[in-house]
Amino acid sequence: IFSFIYDRKYSGGAGTLQDPYLIASLADLVQLGNTEIDQDKHFKQISDIDLQTAAFDGLSNYTFRGSYDGGGHAIRGLQSPLFKYIFSSHFIKNLTLSEIAINTNFRGGSLVESIFDSDLQISNVYASGEITTQGFAGCLVGESLKSKLSINNCSVNISFSNESSDALIRLSAGLVGIIGDQNQYNDEVSINNSYTDGSIIGSTIFRSGFIGFAPGSNTNIIIENSYTRMSFGQEPTTWPDEPFLFIGEDQNLDITVLNSFWDRELTGLESSSTGGTGLSTTEMRKRETFANAGWDLTNTWSHLPGYHPVLKSQVENAKPFTISGTVVDENGQPFTGGTVKAILLGFLENKTTEIGNDGSFILEGIPAGLHSIVVEPTDNNYVKTFYGDANREALSKHVLNSISSNQIQMIAKSD
């Protein structure tokens with residue numbers, strides 16, 4: 001009996017692929033992070049975990065070599081990458097990382113900071129929130145070295161920023177920051193059925209919707225059936241002088257981009273040096289655009305008329321969510337007069353709140369489903385403005401899960 005009590009770990013399970021250790025709480029995550037002998041075991045999350053009020057520095061004590069199945073659940077409020085180092089790992093899947101608030105001076109990645117010598121499959125992982133960095137960052141992975149990395153059925157909605165106007169984001173990208181290292185390693189990356197959203201605010205050397213920097217010539221990259229609508233904001237102050245849609249910078253490596261797109265209006269970019277097709281927002285919301293490109297709109301993607309496609313697994317696992325942030329005027333000052341609404345399918349008003357005296361707002365308990373977020377001003381000098389800083393719903397960004405630290409800039413009426 002005493003041996004059973006002593007050996008019991010986590011919330012159940014045996015740590016095998018068939019009977020993984022069960023993760024149900026912050027205490028289970030802490031135990032995983034502190035138990036060196038379990039780093040090559042298998043884990044499955046069985047409930048949502050809220051870290052917003054917890055002091056949790058990620059799984060940073062040891063190098064993880066096992067597998068993690070999120071079980072379709074969420075981890076909310078990460079302030080550090082979930083995994084700091086991964087070596088010779090198997091898979092990470094079925095996990096939502098919401099309301100991320102990571103602040104780093106070096107590598108940034110909500111899921112993994114650094115992958116080395118691994119054959120890692122990341123699938124059905126969705127991340128949203130904010131990363132503040134003065135180093136280099138990818139929404140999911142900071143860097144991948146000497147590895148074969150597969151990213152399938154994933155999405156991100158991340159806002160990159162820096163702490164001051166003088167700070168420089170060296171590198172920022174929708175999925176992976178850096179791949180390979182100056183010809184020392186052979187690296188492979190495949191990205192399939194994935195999309196990126198969000199924004200990059202502030203100056204940066206390399207910025208991209210998918211991969212920031214691939215410095216080695218022994219790297220093979222394939223991006224297929226994917227798209228980006230990430231906004232690239234102001235022009236950078238250092239070389240190169242423009243952002244890139246799929247790869248931020250490469251050294252003559254092997255890149256293949258197939259049946260993949262970017263939204264010209266939402267990204268603000270007209271051309272790409274690394275392939276893909278740029279379309280208007282209207283074209284990006286037509287079913288035939290993706291059907292003609294061979295996308296699976298039955299089993300993999302979900303598409304509603306007037307919306308960008310989203311992953312079907314996201315829709316099936318969608319839960320009530322929260323949107324919070326601030327409303328500002330054209331000068332970046334708090335905007336205080338009006339209401340913020342969450343509207344489902346363009347017409348069903350689900351949640352409404354008044355804008356606070358400091359321009360802040362929070363919409364809690366928004367029902368599952370694709371929503372537009374709109375600000376209706378009381379000041380007649382401004383027009384109704386949608387999330388995505390759009391003056392009409394047809395150009396707005398739609399949301400499916402929680403987003404914090406989100407900013408909506410009001411649009412003034414033209415003369």
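The model is predicted. It holds 2 cavities of 30 Å³ or more, and a search of the whole structure finds 16 aromatic pairs. In helix α2, which spans residues 26-34, four residues are named as buried: D28, L29, L32 and G33.

**Largest cavity**

- The space in the largest cavity comes to about 140 Å³.
- Its lining is made up of 16 residues, and those nearest the centre are N157, Y195, Q314, L400 and N401.
- Four strands each give at least two residues to this lining: β9 (119-133), β13 (155-161), β17 (195-200) and β35 (398-399).
- Strand β13 supplies the largest share, with 3 residues.
- By class, the lining of the largest cavity has 9 nonpolar, 5 polar and 2 charged residues.

**Second largest cavity**

- About 40 Å³ of space lies in the second largest cavity.
- The residues that line it are G72, H73, N94, L95, T96, N124, Y126 and N317.
- At least two lining residues come from each of β4 (67-76), β6 (91-104) and β9, and β6 has the largest share, 3 residues.
- The lining of this cavity contains 2 nonpolar and 6 polar residues, and no charged ones.

**Second largest pocket**

- The second largest pocket holds about 300 Å³ of space.
- Its lining numbers 20 residues, with A74, T96, N317, K319 and N401 nearest the centre.
- T96 and N317 also line the second largest cavity, and N401 is among the residues nearest the centre of the largest cavity.
- Strands β4, β6 and β28 (321-328) and helix α6 (312-316) each supply at least two residues of the pocket lining.
- The largest share of the pocket lining, 4 residues, is from β4.
- The pocket lining divides into 6 nonpolar, 10 polar and 4 charged residues.

**Helix α2**

- The buried residues of α2 include D28 and L29, along with L32 and G33.
- Viewed down the helix axis, the buried residues of α2 fall within an arc of 135 degrees, so they line one face of the helix.
- An α-helix has 3.6 residues a turn, so residues three or four places apart point the same way.
- The partners against which the buried residues of α2 pack are β1 (21-23), β2 (42-45), β3 (49-50) and β4.
- Strand β4 also gives the second largest pocket the largest share of its lining.

**Aromatic pairs**

- Among the 16 aromatic pairs, F290 and W295 form a tilted one, with 4.7 Å centre to centre and 50 degrees between the planes.
- F335 and Y382 form an edge-to-face pair, at 5.0 Å centre to centre and 75 degrees between the planes.
- F335 lies in the loop between β28 and β29 (338-344) and Y382 in strand β33 (residues 382-383), so this pair ties together parts that are 47 residues apart in sequence.
- F335 counts as buried at 6% relative accessibility, and Y382 is buried with a relative accessible area of 13%.
- A cluster linked by ring pairs consists of Y10, Y21, F43, F64, Y68 and F83.

How values were computed
Residues are numbered from 1 along each chain as its sequence is written. This is a predicted model: local features need pLDDT of at least 70, side-chain atom pairs count only at pLDDT 80 or more; totals for chains, interfaces and linings use all residues. Side-chain values use heavy atoms; hydrogens and water are left out. On a 1 Å grid over the protein atoms alone, a cavity is a set of points where a 1.4 Å probe fits but cannot get out, and a pocket is an open set with protein on both sides within 12 Å along at least five of seven lines; lining residues have an atom within 4 Å of a point. Grid points are joined across faces, edges and corners, and a volume is the space filled by probe spheres set on the points. Ala, Val, Leu, Ile, Met, Phe, Trp, Tyr, Cys and Pro count as nonpolar, Asp, Glu, Lys and Arg as charged, and the others, Gly among them, as polar. Buried means under 20% relative accessible area, exposed over 50%, partly exposed in between (1.4 Å probe, protein chains only). The arc is that of the directions from the helix axis to the C-beta atoms. Contact means heavy atoms within 4.5 Å. Rings of Phe, Tyr and Trp (its six-membered ring) pair if their centres lie within 6.5 Å; planes under 30 degrees apart count as stacked, over 60 as edge-to-face and the rest as tilted.
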